[in-house]
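Hi everyone, thanks for coming. Please have a look at the structure on the screen, and then I'll walk you through a few spots.

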Amino acid sequence: MKKIWLFLILAIFLFIATTLLIRANTPRQIDDVTPGIPCEQNYLEKSDILWVIPDYNNTQISENPLWCTKILSLNKTLGMHGIKHSYDEFGGEITQEYLEEGTHEFEVCFGYKPTMFKPPQLNISKENKRLIESNGMKVKRYANQFFHKVYHCSNTG
């Protein structure tokens, strides 16, 4: 019986150590970056990847060039996080035109098209994934965010 307990304690210790090691070596991310959602500066600074919402509450990021400049000056990797960030936005059917609206906003704001896409609530249909990939973006779905350091601006979920 002592061996079983020793084995369980060792297994738990190894799991915790492995988890901490993985988290220490994966990029920090912050979701929901957009002018309409307040974001703590320290989270922006310590994150490696900023996931940007191009059109939040019908306010397009390109309408705030100072914000665009500020985000660019952080020198972080930027990706697109939905277009309007509505619930189940990419679980249903989207069109090429709808996707182009979001990528255009991103490009006007930052000067280049996004190369990474993270769906809101990590929900995306197979068809939408194919559409996004056919537009030159890599879809990032971190199904297990336990191993990834993910922050949210203003605790948006």
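Let's start with Gln-121, which sits in the loop between strand E6 (116-117) and H5; helices (H or I, at least four residues) and strands (E, at least two) are DSSP runs, numbered from the N terminus. This is a predicted model, where local features need pLDDT of at least 70, side-chain atom pairs count only at pLDDT 80 or more, and totals for chains, interfaces and linings use all residues. Residues are numbered from 1 along each chain as its sequence is written, and side-chain values use heavy atoms, leaving out hydrogens and water.

Most residues other than glycine have a negative phi. Gln-121, not a glycine, has a positive phi of about 55 degrees. Asp-88, in the loop between E5 and H4, is not a glycine either, and its phi is positive, about 60 degrees.

Now to H4. The buried residues of H4 include Tyr-98, Leu-99, Phe-106 and Phe-110. Seen down the axis of H4, its buried residues fall within an arc of 150 degrees (taken from the directions from the helix axis to the C-beta atoms), so they line one face of the helix. After H4 comes Gly-111, with a positive phi near 90 degrees.

Last stop: Ile-4 lies in helix H1 (residues 2-24) and is partly exposed, at 49%.

Methods
Buried means under 20% relative accessible area, exposed over 50%, partly exposed in between (1.4 Å probe, protein chains only).
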